[in-house]
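Welcome! Let us walk through this structure together, one stop at a time.

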Amino acid sequence: MPPRTILYTGKGGVGKTSVAAATARRCAASGSRTVILSTDPAHSLSDSLGVELGPDPVEISDGLWGQEVLAEAEMRRNWDRVSAWMSGLLQSKGVDQVRAEELSVPPGLDELFSLLQIKRHWDRGEFDAVIVDCAPSGETLRLLGYPEIARWWVRKVFPWNRTLLGKAAPIARALEIPLPEPELMDEVEHLIQNLLAMDEILRDHDHCSIRLVMNPDRMVINEARRTFTHLCLFGYLTDAVIVNRVFPDDVEDSYFAGWRERQAAQLEAVEEGFSPVPVLTARYFDREVIGGEMHSRLAEDLYGDIDPSGLLHSGMAREVSTEDGRTVIRIRAPFTEKGDVKLQQAGEELLVRVGEARRTIMLPSGLARRSPTRASFENETLEIVFEDPNVTEA
């Protein structure tokens with residue numbers, strides 16, 4: 001059985017590393033072989049756990065391992081040969097060496113390769129639970145969109161690469177343009193297939209989910225709302241939201257009274273806005289959340305009698321249904337206004353824009369030959385209707 005995989009993200013400084021570490025310790029204490037890994041370039045997991053971690057899993061305690069993935073090392077492992085060819089190509093066209101080397105590595109690619117560690121843990125089957133301390137939400141969202149681009153490459157480019165390489169060789173030689181070796185193309189295709197496989201893991205709603213961590217502050221909650229919308233748009237399951245650092249009831253000092261009142265109002269907004277996704281809360285502790293004792297206190301606040309590795313919510317973000325020649329695609333996009341949604345179709349690709357986020361949905365072959373006949377936005381759900389012109393109502 002695949003390991004239960006939970007990714008934690010949120011705005012920087014909200015305590016997501018502490019929450020992820022507390023979750024991992026609780027999972028291990030319950031008998032699950034657990035690994036917690038950090039893909040955040042600004043690693044703080046070692047500090048939180050009190051153990052020096054490296055790029056490979058290090059045993060922390062009974063049933064618990066930790067690792068801090070080195071993004072640069074992952075990029076070298078996966079991209080060095082491709083980068084060398086691209087750099088050579090750019091230099092052949094007059095780009096200086098330093099600039100060519102910079103341009104041969106797309107921004108964020110090193111962080112994306114860090115996420116491939118999730119697939120490695122799935123392939124090896126050594127752990128029951130994989131807990132991921134992700135980069136802050138903005139960077140995480142950018143990474144989650146990369147597999148969509150990789151999917152496009154596979155569908156549009158790689159079915160033809162052998163033919164194109166052969167036909168382009170004489171022209172390339174005449175223009176003194178270096179072409180990639182077939183082995184390099186095989187390596188790129190293998191890498192992209194791994195990225196697609198990782199994307200399938202992240203979309204496996206039975207075993208993988210994302211949890212948003214926030215503080216009860218308006219700006220932080222607003223970012224979490226935007227992140228939640230993007231996750232829904234991309235079809236990733238958010239099975240819980242976590243509000244960390246809530247002032248406890250026994251804080252009676254007049255200085256904190258106003259803060260408690262404002263936090264209470266924000267908590268109510270979170271409960272209403274993210275429903276039916278469960279909202280878990282943890283207090284603002286009297287000392288820094290570092291080490292096993294504090295992680296246990298945090299886990300007890302968050303989960304109580306709840307199994308932290310359980311699937312806490314299973315609502316689908318996107319559904320497709322067909323009946324009597326009428327196909328309906330439903331995409332949940334909470335916290336979105338009607339005017340924020342735009343559609344554009346090009347053959348089998350349906351581009352959906354929700355505010356600043358956009359996603360390309362690959363349509364089934366039957367729908368690619370049609371255009372949407374209606375699109376509406378109600379109850380935080382975008383509904384796109386495709387009618388079969390050959391089917392008429394009775």
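This is a predicted model: local features need pLDDT of at least 70, side-chain atom pairs count only at pLDDT 80 or more; totals for chains, interfaces and linings use all residues.

Residues are numbered from 1 along each chain as its sequence is written, and side-chain values use heavy atoms, with hydrogens and water left out.

Arginine 245 sits in strand β7, and its phi is positive, about 65°, although it is not a glycine. A cis peptide bond turns up from serine 275 to proline 276, with omega near 10°. Look for proline 276 in the loop between α10 (254-274) and β8.

Now turn to threonine 5, in strand β1 (residues 4-10). Threonine 5 counts as buried because its relative accessibility is 0%. What does threonine 5 touch, leaving aside its neighbours within four places in sequence? With contact meaning heavy atoms within 4.5 Å, the partners are Ile118, Trp122, Val130, His207, Cys208 and Ser209. Histidine 207 is 202 residues apart from threonine 5 along the chain, yet their C-alpha atoms are separated by 6.1 Å. The side chains of threonine 5 and tryptophan 122 also make a polar contact at 2.8 Å (a pair of N or O atoms within 3.5 Å; within protein, one must be able to donate a hydrogen and the other to accept it, and residues adjacent in sequence count only if both atoms are side-chain atoms).

Next come the rings. Rings of Phe, Tyr and Trp (its six-membered ring) pair if their centres lie within 6.5 Å; planes under 30 degrees apart are stacked, over 60 edge-to-face, and the rest tilted. By this rule there are five aromatic pairs. One of them is edge-to-face, joining tryptophan 65 and phenylalanine 127 at 5.4 Å centre to centre with 65° between the planes. Tryptophan 65 lies in strand β4 (residues 64-68) and phenylalanine 127 in the loop between α5 (109-124) and β5 (129-133), so this pair ties together parts 62 residues apart in sequence. Tryptophan 65 is buried at 13% relative accessible area, and phenylalanine 127 is buried at 6%. Elsewhere, ring pairs link Phe228, Phe274 and Phe335 into a cluster.

Helix α1 (residues 16-29) is mostly covered, with 13 of its 14 residues buried. Glycine 31, which has a positive phi near 105°, follows α1. In helix α11 (residues 291-303), the buried residues are Gly291, Met294, His295, Leu298, Ala299, Leu302 and Tyr303. They cover an arc of only 145° around the axis, which means that they are on the same side of α11; the arc is that of the directions from the helix axis to the C-beta atoms. Their cover includes β1, α1, α2 (45-49), β6 (208-214), β7 (238-246) and β8 (279-283). After α11 comes glycine 304, with a positive phi near 55°.

Methods:
Helices (H or I, at least four residues) and strands (E, at least two) are DSSP runs, numbered from the N terminus. Buried means under 20% relative accessible area, exposed over 50%, partly exposed in between (1.4 Å probe, protein chains only). The expected span of a helix is 1.5 Å times one less than its number of residues.
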